[in-house]
Amino acid sequence: MLLVALGALVAYFAARAPVFLSSQELANILADFCSLILLGVGETFVIASGGIDLSVGSATSFSGVIGAFAMKALLDGHQNEAVVLAVGVAVCAGVGLGIGLVNAALINWARLVPFVATLAMLGAAAGMAIVLSNGEPVGLDPRAISYTTAKLGPFSYPSLVVIAVVAVAWLTLHFTRYGRYTFAIGSNEFAARAAGINVRRHVVSVYALSGVLAGLTGMFVYMRLGSGAPTAGLNDELQAIAAVVIGGASLYGGVARMSGTVLGTLIINTVTSGLIISNIQANWDQVAVALLIGLAATMQALRPGRRR
Amino acid sequence: MAGQAVLYEAVNVSKSYGSVEALIDVNVQLHAGEVLGLVGDNGAGKSTLVKVLSGVHPPDSGKLFLEGRERRWSSPHDALAEGIETLYQDTGLAPHLTIGANVFLGRELLRPGLLGRLGFMAQREMERAALHELAQVGVEVKGSRKTVSDLSGGQRQAVAIGRAVAWARKVLLLDEPTNHLGARQALEVLNVIRAARDRGLGVIFISHTLPHVLQICDRIVVLRLGRVVRDASTSEFDAESLLGTITGLLEKSP
Ligand SMILES: Nc1ncnc2c1ncn2[C@@H]1O[C@H](COP(=O)(O)OP(=O)(O)O)[C@@H](O)[C@H]1O
Ligand SMILES: [Mg+2]
């Protein structure tokens, strides 16, 4: 179903604008995909567990800015590149982890519903990213881009890492006990607890995972842009959630598919770049994504046998 | 059961939800190889007592003793680990998971070797074993890969009962297990409970169907508005006096 939709979209845009299938444009779509998919992956776990994480976009921006500060300091101190990159990854992931842990604390102990807790975090992280960077890209480093142009076939090295993470996440969600607990909590939290599952600890880990993946996205975007932009992840939480929902997840929890999230992300990437290539006014892509969410949610509601 | 040691005991247990006093100074003793009936009107506190005994709620005051040792459950996990298994009223299964996943929830079988240590589950074995476990306790379902939401209310109840009975090692707490069941199925459940008792388990059986309670229980505890108002051998009750004790009308009549 999703594959058919994706195929139809690609065919449509290719017919409108043949450049759509050029290798340059495909590389662009791949980079777009990698800038979004990890957010979708984290969001898939969160939504499967019956929650929602609205903070992933601004966590991307914020971790990218902090990571860029750290890498700039190291570059100024003439550290070698491998060290700089490793520290960048660690700092971005660490910042994302911190954001995820704060989300989990707000949900578990301050007893906020996930929507409110992560909405507050969305505002806080986006605001701090802008304040700390004065609204300017941080640590412009022309070499950063070269990391993403070194290639193995059509894939840059960072994109290979992203794809590997997606594969591991797919295995984890659908084949391990961790994934099983995630679905169980989203399906019936009381039943999960009554079966002896430590629900609070699991919820902490799910939001932490989502945060770390947002942090890694911050690093990926840094490498792509060559700087930590305070608006790098603006509105990306909506695209990530849309991808998960298009992929067949239920916002009530208990239902999600990693393969669906991957296809959902590709569909969003295709629509977004297709609209740009077809010279349609830029902000229409947001409208298009909104329409896709509405369509996916409606189809889900109409699907037979789906309860609650 | 005369002469037998107490298996599981609640001593002076109280539990409130905010200003609602759901349990007040409750004392209950459960023996091994005994079915204890727990009856009372809606809101009497039966489910709350079950949740205290199963580790969902810590009591506000009072103590729990398992085999003579005082125990404090910090979560259901602790009680499960001690062989206390519970069927909760209406809420025990995860509807989006398969029957097999529900039967093994919290006790997943892992694959051998490295994959298992990474948390990979032996899904097929669990599905197969789940059907086997359920059949062992007299619950027949076709296809454990069905999700629970595809089952009828009666089938769901059967799976939940089967799971609890299959895993229980010491204590079996059954909160209205015959709800949603047809007459035939309900009688089968009573047989399953008898078999569990004969295995030496201590069983607490909650039901509003008084003939069932009188038929299967060795002893009956009556709760009213959070207090134990009667605790006696089943032979001391008949249908009328049991109903009278539950409603409180018996004492008021001359
Ligand atoms: N989670 C809860 N929060 C607040 N009050 C509750 C809760 N659970 C039960 N109660 C109240 O506690 C009392 C006992 O309820 P319960 O134990 O469910 O009784 P029973 O199972 O005998 O019908 C009732 O007054 C009920 O409204
Ligand atoms: Mg009840």
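What is the volume of the largest cavity? About 130 Å³, and a search of the whole structure turns up one cavity of 30 Å³ or more. Keep in mind that this is a predicted model.

**The cavity**
- Sorted by class, the lining of the largest cavity comes out as nine nonpolar, four polar and three charged residues.

**The sheet in chain B**
- Four strands of chain B make up an open sheet, running in the order 2-1-4-5, with antiparallel pairing.
- Strand 2 (20-31) and strand 5 (69-71) of chain B sit at the edges with a single partner strand each, so one side of each has no neighbour in the sheet.
- From one strand to the next, the twist averages 25°.
- Strand 1 (residues 6-17) and strand 2 of chain B are joined over eight bridges in the antiparallel sense.
- If you want a spot to look at in that pairing, find Tyr8(B), which stands opposite Leu30(B) in strand 2 of chain B.

**A helix pair in chain A**
- Helix 4 (residues 81-108) and helix 10 (residues 199-225) of chain A have axes that come within 6 Å and cross at roughly 145°.
- That crossing of helix 4 and helix 10 of chain A is right-handed.
- Where helix 4 of chain A touches helix 10 of chain A, the contact has 16 nonpolar, eight polar and one charged residues.

**Salt bridges**
- Over all chains, a search of the whole structure finds 13 salt bridges.
- One of them joins the side chains of Asp32(A) and Arg224(A), at 2.8 Å from N to O.
- This pair ties together distant parts of the chain: Asp32(A) belongs to helix 2 (residues 23-48) of chain A and Arg224(A) to helix 10 of chain A, 192 residues apart.
- So where does helix 10 of chain A turn up in this briefing? It crosses helix 4 of chain A, and Arg224(A) in helix 10 pairs with Asp32(A) in helix 2 of chain A.

Methods:
Residues numbered from 1 in each chain as written. Chains lettered and ligands numbered in written order. Predicted model: local features only at pLDDT ≥ 70, side-chain atom pairs only at ≥ 80, totals over all residues. Heavy atoms only, no water. Pairing = 2+ DSSP bridges. Helix = DSSP H or I, 4+ residues; strand = E, 2+ residues; numbered from the N terminus. Axes fitted to C-alpha atoms, helices over the stretch in contact; angles between N-to-C directions. Left-handed = near helix turned anticlockwise from the far one by under 90°. Nonpolar A, V, L, I, M, F, W, Y, C, P; charged D, E, K, R; others polar. 1 Å grid on protein atoms, 1.4 Å probe; cavity = no way out; pocket = protein on both sides within 12 Å on 5 of 7 lines; lining within 4 Å. Points joined across faces, edges and corners; volume = space filled by probe spheres on them. Salt bridge = Lys/Arg side-chain N within 4 Å of Asp/Glu carboxyl O.
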